[in-house]
Amino acid sequence: MKVTIDGQEIEVAPGTTILQAARMIGGESVPPAMCYYSKLEKTGGKCRCCLVEVAKGSDADPRPMPKLMASCVTGCMDGMEVNSKNSERVREARQSVTEFLLINHPLDCPICDQAGECDLQDLSFEHGKSKTRFIEEKRTFEPEDIGPNIQLHMNRCILCQRCVAVADQLTDNRVHGVLDRGDHANISTCISKAIDNEFSGNMIDVCPVGALTDKTFRFKSRVWFNKPYNAHRDCDKCCGKTTVWMFGDEIQRVTGRKDVYHEVEEFICNECRFEHKDPADWVIEGPRKFDKDSVINQNNYTREMETVHIATEEGILKGREQDRKKISMTAIPLDQKEQEEFKNGNL
Amino acid sequence: MSQKILLDKINVPGIKTYEVYRREGGYTSVEKALKSMTPDDVVEEVKKSGLRGRGGAGFPAGMKWSFIDKKSGKPRHLVCNADESEPGTFKDRYLMEFIPHLLIEGMITSSFALGANRSYIYIRGEYMWVFKILERAIAEAKAAGWLGKNILGTGYDLELHVHCGAGAYICGEETALIESLEGKRGNPRIKPPFPAVSGLWANPTVVNNVETIAAVPWIVNNSGDDYAKIGIGRSTGTKLISASGNVKNPGVYEIELGLSVDEFMNSDEYLGGMSTNRPLKALVPGGSSVPILPADLIFKTANGEDRLMTYESLSDGGFATGSMLGSGGFIVYDDTACIVRNTWNFSRFYHHESCGQCTPCREGTGWLEKVLWRIENGLGREEDIDLLWSIQSKIEGNTICPLGDAASWPVAAAIRHFREEFEYHVRFPERIKNRDHFVAEPFEKVRHLVAKQTV
């Protein structure tokens with residue numbers, strides 16, 4: 001089947017969704033996806049970030065689709081023509097979805113462990129505005145402890161429900177899910193502290209925002225200060241192939257290996273993720289590569305770092321010679337008159 | 001006196017019971033359909049009748065039935081949507097409470113037409129007493145041999161179940177209803193696949209409103225052509241209208257489609273005019289989610305034709321000057337009503353009822369409500385009116401299910417037709433602090449305060 005996305009043609013197999021076809025083409029026309037996860041079934045369609053315009057339904061039925069379609073759940077038809085980044089309507093819709101996602105988001109990126117590898121940051125960098133029109137109080141939730149390894153920040157959640165899909169598809173007994181409805185819908189466990197499953201840690205990896213973070217990595221470092229390495233170990237539960245995030249000789253965090261769309265290549269078990277922080281446990285394969293433009297890459301040590309020079313007078317921060325003597329040199333005490341002047345000002 | 005199809009026998013004493021209903025000619029459509037017609041004949045009659053879905057969208061019922069996937073060989077289901085939760089609509093309750101056997105007869109005949117052997121009535125949890133009435137009626141019908149194995153010796157089996165919802169408006173959306181019926185959280189599914197291909201338990205399913213199904217026995221007993229003779233154009237048959245608000249005789253009425261809005265509002269046979277001596281201000285013709293109409297567009301359309309109670313006439317002029325027949329929740333406002341407060345009230349409802357699955361509706365409905373609350377309570381800003389317009393335009397069309405549209409249309413229409421009233425709320429916060437601000441001082445008296453003036 002032939003599909004055209006933003007003017008680029010590609011041949012795809014029947015059953016391919018528009019998003020998958022766009023990812024095959026790659027580049028700028030790939031719609032952003034917050035809830036779709038190709039490794040998990042029945043995800044997608046919820047966040048509405050990946051809306052595209054179908055300008056021509058198919059060769060058989062060339063009518064355009066009246067509404068914007070969620071590209072992650074819309075199958076390709078032969079001869080379909082899709083506008084993604086090229087369409088004004090699509091850009092507007094993505095901007096509005098971004099605005100909707102951000103109105104109740106706490107915007108606590110400076111203290112959020114996800115910052116730097118957050119899909120919502122990327123989305124708002126691309127489609128967001130710097131101003132807000134929302135003057136109401138933000139919706140908040142009571143903090144909840146969902147278990148020993150995973151930290152839940154419900155206020156940051158965008159309800160993509162990927163973590164629910166992980167629990168459904170990787171673990172036997174799902175104990176968490178969506179409670180309540182509307183803007184008070186929240187991810188919660190039926191019984192507090194209940195999440196205890198050998199593969200539950202993958203919820204952290206699939207979470208596109210900082211709603212589910214690693215308790216063993218909490219406030220340890222910003223992600224871009226870590227050096228990510230591909231590493232593996234013999235694990236009887238999972239593939240054992242991970243990315244370890246190092247600071248000096250210390251392993252601060254272990255995650256799955258994420259591809260360019262921030263999807264893990266293979267899911268890993270909790271033992272690998274949380275319990276092996278000793279570099280001796282791992283066989284380090286080499287540095288993990290990230291996209292050129294990602295925040296994590298800003299600190300890339302494989303590239304030469306330049307020293308920052310402030311183009312200003314040499315030694316300006318030191319102050320003038322006579323001033324430094326007056327203010328800070330106890331070795332040269334002020335006399336009576338000078339002390340008086342110093343106290344009351346030189347009137 | 002217009003023809004009654006659904007409420008013809010409603011005043012017969014004891015029509016709730018099987019004996020009286022049967023004596024009055026009930027269940028003849030089942031006999032006729034099962035003994036002398038094929039399922040396709042029934043579908044054909046319904047197609048000919050032009051019967052349109054009475055739940056709100058007005059999609060032709062016969063066409064919906066013909067989409068059902070019969071080739072796959074999977075069992076098929078008919079689901080009756082009795083989750084009537086639209087503010088202003090109470091016709092299905094009336095029908096089910098006072099003449100429950102009509103719905104059951106319709107269910108049997110329609111299930112036969114679709115080849116469904118297991119059908120469901122999904123009723124909202126708030127209608128618990130009606131649920132019990134239906135349960136009893138089903139038991140009576142079963143005892144009389146209209147349900148169960150080998151009905152009337154024709155070899156057709158049908159089990160009918162009533163399922164109770166748990167208080168969610170969203171479960172009136174057909175895919176959310178199916179999810180809820182399967183025992184899951186009532187979130188709308190992403191379409192395609194449509195229920196006609198993969199619905200309940202992934203089997204082909206048709207979901208129809210109570211009123212749609214209740215019209216089927218008459219169509220089978222008479223004929224599709226007879227039904228199509230009633231009404232005008234593509235709006236055939238009769239429609240139940242639940243009238244409320246400032247009218248003399250509120251209640252459920254069966255009208256022939258094509259009646260003029262003027263006659264329906266003012267004749268003594270129907271609503272009998274306004275209940276107060278106040279002038280008419282606005283009308284919501286089809287339940288809370290359809291656009292509100294201002295006084296000058298109620299009886300006449302924008303091009304000066306009479307406004308009729310039909311799908312086409314009520315939506316004449318699109319959303320700019322028209323509305324929709326919707327589910328028939330006919331809400332009338334006199335000039336003491338505050339449109340801003342009313343819009344806020346509707347918005348509060350949609351905020352409360354949004355399922356929270358997709359972003360624009362989850363976040364947008366709450367935002368709309370908060371902004372409208374501020375305006376209504378004297379905390380509005382001039383830019384809030386444009387903000388409301390912008391928010392609603394961003395929700396509409398970008399959501400999984402029509403709840404997002406339903407939440408944005410009333411807001412859009414209120415701003416479109418009553419913008420001055422919003423401006424009045426923003427500019428004179430002291431005057432609207434009193435909750436009944438338009439009772440003593442209707443908007444007409446203060447309109448000059450916000451009128452555009454050239455100095």
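What share of the 347 residues in chain A is buried? Buried residues make up 35% of them, where buried means that 20 or more other C-beta atoms lie within 10 Å of a residue's own, exposed means 12 or fewer, and partly exposed is in between, with C-beta atoms placed from the backbone. For chain B, buried residues make up 56% of its 455 residues.

Before I go on, two housekeeping points. This is a predicted model, in which local features need pLDDT of at least 70 and side-chain atom pairs count only at pLDDT 80 or more, while totals for chains, interfaces and linings use all residues. Residues are numbered from 1 along each chain as its sequence is written, and chains are lettered from A and ligands numbered from 1 in the order in which they are written.

Okay, chain A. It has 8 helices and 13 strands; these are DSSP runs numbered from the N terminus, with helices being H or I of at least four residues and strands being E of at least two. Of the contacts in chain A with a separation of 6 or more, 64% are between residues 24 or more positions apart. By contact I mean that the C-beta atoms of two residues, placed from the backbone, lie within 7 Å.

Let's look at strand S5 of chain A, residues 80-83. Which strands does S5(A) pair with? Strand S1, residues 2-5 of chain A, runs parallel to S5(A) and is joined to it by 3 bridges. Strand S3, residues 51-56 of chain A, pairs with S5(A) in the antiparallel sense, also over 3 bridges. Pairing here needs at least two DSSP bridges between two strands.

Now for the side chains. In a regular strand they alternate between the two faces of the sheet. In S5(A), Met80(A) and Val82(A) point one way, Glu81(A) and Asn83(A) point the other way, and all are buried.

Further along chain A, strand S10 (residues 227-232) and strand S11 (residues 241-247) run antiparallel, joined by 6 bridges. Ala231(A) has Thr242(A) in S11(A) as its bridge partner. S11(A) then pairs antiparallel with strand S12, residues 250-255 of chain A, over 5 bridges, and Trp245(A) is partnered there by Arg253(A). S11(A) and S12(A) make a hairpin with 2 residues between them, and Gly248(A) in the turn has a positive phi of about 65 degrees.

Over to chain B, which has 19 helices and 12 strands. Its radius of gyration is 23 Å, close to the 23 Å that the globule rule gives for 455 residues, so chain B is as compact as a globular protein of that length. That radius is taken over C-alpha atoms, and the rule is 2.2 Å times the number of residues to the power 0.38. Along its principal axes, the C-alpha trace of chain B spans about 85 × 45 × 40 Å.

There's an open sheet in chain B too: 5 strands in the order S9-S8-S12-S10-S11, with mixed pairing. Strands S9 (251-256) and S11 (293-294) of chain B are at the edges with a single partner strand each, so one side of each has no neighbour in the sheet. Inside that order, S10 (residues 280-284) and S12 (residues 329-334) of chain B pair antiparallel over 4 bridges, with Leu280(B) opposite Asp334(B).

Next, helix H15 of chain B, residues 359-376. Buried or exposed? 16 of the 18 residues of H15(B) are buried, so it is largely enclosed by the rest of the structure. After H15(B) comes Gly378(B), with a positive phi near 75 degrees.

What about the cores? A nonpolar core is a set of buried Ala, Val, Leu, Ile, Met, Phe, Trp, Tyr and Cys residues joined through C-beta atoms within 7 Å. The largest one has 195 residues, and Val79(B), Cys80(B), Leu95(B), Leu103(B) and Ile123(B) touch the most other members. Helix H17, residues 403-427 of chain B, gives the most to this core, with 12 residues. A second, separate core has 10 residues, among them Ala231(A), Ile251(A), Cys269(A) and Cys272(A).

Last stop: where the chains meet. 24 residues of chain A are in contact with 24 residues of chain B. On the chain A side, helix H2 (residues 88-103) gives the most, with 6 residues.

Terms used:
The expected span of a helix is 1.5 Å times one less than its number of residues.
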